[in-house]
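Please open the structure in a viewer and keep the selection panel at hand.

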Amino acid sequence: MNRFLLVFFISMCHLMAYGQNRAYGYVVDSFTGEAVDSCEIMLYDADTVKVVGRTPNHPGGWHMDNVSSGDYVLKISAKNYYPEYHKVKLSFIKYRKPTHLVGTFKLRKLPMSLREHQLGEVVVKSSKVKMYYRGDTIVYNADAFQLAQGSMLDGLVSRLPGVELKNGQIFVNGEFVDNLMVNGRDFFKGNPKIALDNLPGYMVNTIKVYRKESDRNMALGIQSVNKKEKELVMDVNLKKIYSFGWSMNVEGGLGTDNHYAGKLFGLRFSNYSRSVLFGNVNNTNNASVPGTSGNWNTQYNLVSPTRYCSTGLMHSIDDRQKRFKYEGNVTFDYNHQNNQTFTSASQFLTGGDTYSRFRSQSTSRSSHLNTTHKLTLQKPNSNLYMEIQPKLDYTDNRGNGSSRYVDMNGNPSEAYMGASLDSIFNSENMFYQKNLVTSNQQIEQRSNGHTLHANLSAIATLRFFTTDVLNIRLNGGLTNGKSHSDEVNIVRHFRSDAPTAETYKRMYAESPTDIYNYQLGADYSLTYRFQKSALIVIPKYVFSNSSEEAPRTMYTAGDELAELFQMRDIVNSYDSKMQTTHHQPSLLVNWQYNLPKQYGLQITTNLNQDFQKRRLTYKRNTIDTVMVRNDATFSTRVSFRLNDGKRGADYTVNYSVSRQLPSLTSMLPYTDDANPLVVMNGNPDLKTATTHQIEFFWSKHNWAKRRMLDFSAYYLTTKNSIANSVLYDRTTGITTMSQCNTDGNYQLSAVFRYSGIKLFPKVPVTLGGNTAVDETKSHELINVLQSSKRNSISQRLSLDYSKNNLELSLFGRASYQHITTSAEGSENINSVDFSYGLNGVTSLPWKMTLSGDMTMYCRRGYADHSMNTNQLVFNLQIGRSFFNDKVQLRLVGYDLLGQIDNVTQTINQYGRKETWRNVITRYAMVHLSYRFNKQPKKKL
């Protein structure tokens, strides 16, 4: 590694030439403080009044390159503004200070009598442009997208070309959006889901995607070395009528089968403050409206029926001079969920697979209160930037449920889902008991608990030599919680020496948790800039300490008559306290070089060392020990990236090595049989796992033609992989598990994505989709050492048509899995899931909007034949607006054919599980919403 670093630095020195000086700054409106992006910057020599440079100003500021030290006159001019002249003195230091922040300048607007006036209105009929490119900014025209009535911001964002929504996070061309802004201001940074779920789509004028300097860099007067280091932001620009004052959207809905929904969203917005009040109550899983985004995720993200309510208040304040910023929120939510689950599973074993059926039903109630506050001190062009962020989170959970489980040595033939369970537990079918059943289990359980978590983090950043930065970080937190459970567990064995041996156990458990941790860290960023290259070196050190106490106390009663005479379960009760200390020095070296023909090369090396001390105090049954272990683990990551700016292509190769330490608890020689059918043991011989991973990424985007191509692949292999060792007793059905190390495990995966491909020059139809392949091989100990290999391929295609007020999408998806195992007697698995359908949205006469989708979901090759089904899911919505769009009436039909279900399949090296979960089925609902907007007489 030392030799590599030496060669690396020598090669860079040969490529470094003379410095390239850069002057930069910002221009804002003197009243609103907003960036003025349509002005022209001219730099004059102070002595000869000769033009030295000329450049436009963008939302992220302006800059001029190849400027020498000296005295100058800066002229700033913009349409409808008074021009400004300023004397400036620029100074540069070769390599160490190649940039100079001129400052932030304010422009005053001309009075109305002196401004340029537009001619009378001219009506031109043409198709609306959905998106266009303005410099480095992508601009989406919201009015050009056909949306269903009642759509929120998420419905609009998900329709934008190249944009994806994943779990409330936004991705543009596969790249994570760091910040969702509204009218150029942060909208509760880090929590975009609030705006996505509650900000009505009708309020939006345009959406811009661009890169900007972070608040920290702007406060410190630092400019990023290249564009990729800047924040990628999505800026939602509201229509003028909604940009100031109050806006409110109130909605209520009543449906069949006692379904209901209600939503409130109030927004007070100005240039320097934002306040949001929201509320949501429903028993429809808070699902988005069918057809809102032209795509309905029926099968893969549904949860069990839930009664849900939430409310929250958010507020933010920006200082007019941008010296500080405050953001705070308080949110509360409650949900009451009814869960039903049925699982059909098989376990890969030499000598023949075993099979099981599991059914459970439960009711859970959860209350959650969260408050987060953030104060930022960020005076522009200063040498100091600070963030202070306290958080408080409280959760209360309560639930009860029951389950039935049966373990069999053969795969039963069932007339319907769960037939074998009904035969064994309800009718005591002797055929199953004598010929198939190994053991069964019944559980009745009640539980409750609470958790309180508090955290405080702070960061201070100091600037030196224009580009050098010192970061000092502090973080501390504590967690206090307690859970209780009361369980009745009845197990029967059918193939042991006692044919119908039965065990009855009543268990009570208390599990308090006390955790505290703190962390101190500092890093110093040294930047050297040259004509065609830049070198960044960041040494870093972090110290952290944590303490966790998580004991468990269990009481048992051997039979029903002895429940009043409980005794402590010394085998499954324990006291545990873990203390961990980390010393983590690291070094990051980043080198960037500008090649000819708009090529850019970037090489990054990250070296991390972790000196870790762990101390475990543990008492359990005959174990009373203090285990102390000192470990030193080294990890590294090397990245090569080549950017082709002329062709819009990007190539990246990453290589990394990481290590995983086994937990100290798993290395103790303990036995846990709280579940009589699953016994857990420790393994003192566990070793550290080492993972090597190599990744390749390629992308090519043509925004002019709206065409995007992406390819990614990675290979991962692990030595001494930490896995579960499974010993299964065929006579009792008892599984004994412990952790172990295995070798020979790897995963190879590749994905190719494409969108915006035009099939016919004059027809508004585009093709999009992705193709993915994956191969995984693993070795595991299941009675004996065996291996398994999983190969899968998936394909998604969509044809999108858009013209005037009609948008249609014809789509298809398919995934195939092939699994082989070395277990003698196990059969290969071949299964396929596929779906196809049509969705769309269109405008009808009399201000009506129609949207919907129809999808056929199919499954083949499932071991439980009752799950090999076809479901045709049909959703429809029709809506109309009244009173200048202030009132909306919508009729929603969800799963009109009553076919929807939720079945998932999980296959790994141990076996296969096919799980059915209950979901909300067919209903119709009428929604009525009211929009209210009030603008102040004077905008502040």
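Strands (E, at least two residues) are DSSP runs, numbered from the N terminus. This is a predicted model, in which local features need pLDDT of at least 70 and side-chain atom pairs count only at pLDDT 80 or more, while totals for chains, interfaces and linings use all residues. Residues are numbered from 1 along each chain as its sequence is written, and side-chain values use heavy atoms, with hydrogens and water left out.

**First stop: a cavity**

Select S344, A345, S346, Y355, R357, N411, A863, R912 and E914, which line the second largest cavity. A cavity is a set of points, on a 1 Å grid over the protein atoms alone, where a 1.4 Å probe fits but cannot get out; lining residues have an atom within 4 Å of a point.

With three residues, β21 gives the most. By class, the lining has three nonpolar, three polar and three charged residues; Ala, Val, Leu, Ile, Met, Phe, Trp, Tyr, Cys and Pro count as nonpolar, Asp, Glu, Lys and Arg as charged, and the others, Gly among them, as polar.

**Second stop: an open sheet**

Next, show the three strands that form an open sheet in the order β4-β1-β7, with mixed pairing. Two strands pair if DSSP finds at least two bridges between them. At the edges stand β4 (62-65) and β7 (99-107), each with a single partner strand, so one side of each is left without a neighbour in the sheet. Strand β1 (residues 22-29) runs antiparallel to β4, and four bridges join them. Select Y24 to find its bridge partner in β4, H63.

Rings of Phe, Tyr and Trp (its six-membered ring) pair if their centres lie within 6.5 Å; planes under 30 degrees apart count as stacked, over 60 as edge-to-face and the rest as tilted. Both Y24 and Y26 are buried, that is, under 20% relative accessible area with a 1.4 Å probe and protein chains only.

Finally, select Y574 and Y618, whose ring centres are 5.7 Å apart and whose planes are at 15 degrees, so the pair is stacked.

How values were computed
1 Å grid on protein atoms, 1.4 Å probe; cavity = no way out; pocket = protein on both sides within 12 Å on 5 of 7 lines; lining within 4 Å. Buried < 20%, exposed > 50% of the residue type's maximum accessible area, 1.4 Å probe, protein only.
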